[in-house]
Amino acid sequence: MMIVPISHELALKLIESVGWHSDQLTNLGPRPIIGSLSLGTTRQFRLRRVNENSSRTISIPLPHNSLLIMWPPCQELWKHEVCSQNVIDNLHPISGSKRINITFRQFRDEYTAEWTPKCSCGIPCVLKPVMRGSNIGRYFYMCYAAGVNEGQKCEFFEWLDVSKRQIDYKRKYGSFESI
Ligand SMILES: O=C(O)CCC(=O)C(=O)O
Ligand SMILES: [Fe+2]
């Protein structure tokens with residue numbers, strides 16, 4: 001059983017489709033667990049590896065009342081999408097062609113905006129995993145623009161020290177809820 005504290009985010013959305021992405025780690029922290037409850041019409045949830053050029057994908061149908069859990073390191077190693085679909089032959093008796101998605105995410109206390117460094121452009125950085133080489137498994141902060149728009153970025157770089165972040169948080173606020 002997993003108890004979800006009320007500080008955690010519940011996002012309720014009408015999701016027809018969402019393109020290839022990994023969920024941003026910046027406010028979740030490394031290795032998040034993300035739950036996605038589907039209601040209404042069935043959609044295909046597709047996964048592909050971040051670093052593979054091949055078009056190989058895994059497809060998982062998300063029928064009414066199903067709970068998909070993205071365990072770590074899903075966000076680090078995989079991208080996901082929810083495909084739009086021809087709904088003529090896939091109507092739910094109540095919602096028809098509509099799908100409602102409730103996403104459960106834990107926004108960890110020590111990864112709020114307060115703890116996110118700002119890059120040389122003056123905007124909060126994004127948190128990224130190292131995907132190859134000797135530092136694989138570590139995380140670093142980089143310019144937000146570099147993450148979304150290669151070429152228009154500053155060169156800001158800062159390692160995340162997970163243990164130090166937890167210690168700093170405890171020192172400042174005295175308690176630690178998100179372990
Ligand atoms: O609709 C879903 O099941 C997943 C939605 C999603 O990937 C997201 O909100 O980041
Ligand atoms: Fe997502």
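Me: Which residues surround ligand 1?
Reply: In this predicted model, two elements give two or more residues each to the shell around the ligand, namely strand S7 (78–82) and strand S8 (99–105). By class, that shell has four nonpolar, four polar and one charged residues. The residues that surround ligand 1 are Ile-15, Val-18, Asp-23, Ser-36, Phe-45, His-80, Val-82, Asn-101 and Thr-103.

Me: How many residues of domain 2 are in contact with domain 1?
Reply: The domain assignment gives domain 1 as 9–107 and domain 2 as 110–172, and the C-alpha centres of these two domains lie 25 Å apart. On the side of domain 1 that touches domain 2, there are five nonpolar, five polar and one charged residues. Contact is made by 11 residues of domain 1, and their partners in domain 2 number nine.

Me: What pattern of helices and strands does the protein follow along the sequence?
Reply: The protein has three helices and 11 strands. Of the contacts with a separation of 6 or more, 68% are accounted for by residues 24 or more positions apart. Read along the sequence, the pattern is β-β-β-β-β-β-α-β-β-β-β-α-β-α.

Me: Is Ile-34 buried, partly exposed or exposed, and why?
Reply: Ile-34 lies in strand S3, which covers residues 34–40, and touches Asp-23, Met-70, Thr-103, Phe-104 and Arg-105 when residues up to four places away in sequence are not counted. A residue needs 20 or more other C-beta atoms within 10 Å to be buried. Because Ile-34 has 19 other C-beta atoms within 10 Å, Ile-34 is partly exposed.

Me: Why is Gly-40 buried?
Reply: Gly-40 is also found in strand S3, and, leaving aside neighbours within four places in sequence, Gly-40 is in contact with His-64, His-92, Ser-95, Lys-98, Arg-99 and Ile-100. The threshold for burial is 20 or more other C-beta atoms within 10 Å. Gly-40 is buried because its count of other C-beta atoms within 10 Å is 22.

Me: What distance separates the C-alpha atoms of Ile-94 and Gly-40?
Reply: Ile-94 is found in the loop between S7 and S8, and Ile-94 is exposed because 10 other C-beta atoms lie within 10 Å. Gly-40 and Asn-27, by contrast, are 13 residues apart in sequence and 29 Å apart in space, C-alpha to C-alpha. Although Ile-94 and Gly-40 are 54 residues apart along the chain, the separation of their C-alpha atoms is 7.3 Å.

Me: Which residues make up the largest nonpolar core?
Reply: In soluble globular proteins, nonpolar side chains tend to be buried together. Here buried residues make up 18% of the 179 residues in the protein. Leu-160, a member of the largest core, touches Leu-127, Tyr-139, Phe-140, Tyr-141 and Arg-165, not counting residues up to four places away in sequence. The eight residues of that core are Cys-119, Cys-125, Val-126, Leu-127, Tyr-141, Cys-143, Tyr-144 and Leu-160.

Me: How many of the 12 residues of H3 are buried?
Reply: Helix H3, residues 162–173, reaches 16 Å from its first C-alpha to its last, close to the 16 Å expected at 1.5 Å a residue. Just after H3, Gly-174 takes a positive phi of about 80°. The helix is hardly covered, and the count of buried residues among its 12 residues is one.

Conventions:
Residues are numbered from 1 along each chain as its sequence is written. Chains are lettered from A and ligands numbered from 1 in the order in which they are written. This is a predicted model: local features need pLDDT of at least 70, side-chain atom pairs count only at pLDDT 80 or more; totals for chains, interfaces and linings use all residues. Domain bounds come from an automatic or database domain assignment. Two residues are in contact if their C-beta atoms, placed from the backbone, lie within 7 Å. Ala, Val, Leu, Ile, Met, Phe, Trp, Tyr, Cys and Pro count as nonpolar, Asp, Glu, Lys and Arg as charged, and the others, Gly among them, as polar. A residue is near a molecule or strand if its C-beta atom, placed from the backbone, lies within 6 Å of it. Helices (H or I, at least four residues) and strands (E, at least two) are DSSP runs, numbered from the N terminus. The expected span of a helix is 1.5 Å times one less than its number of residues. A nonpolar core is a set of buried Ala, Val, Leu, Ile, Met, Phe, Trp, Tyr and Cys residues joined through C-beta atoms within 7 Å.
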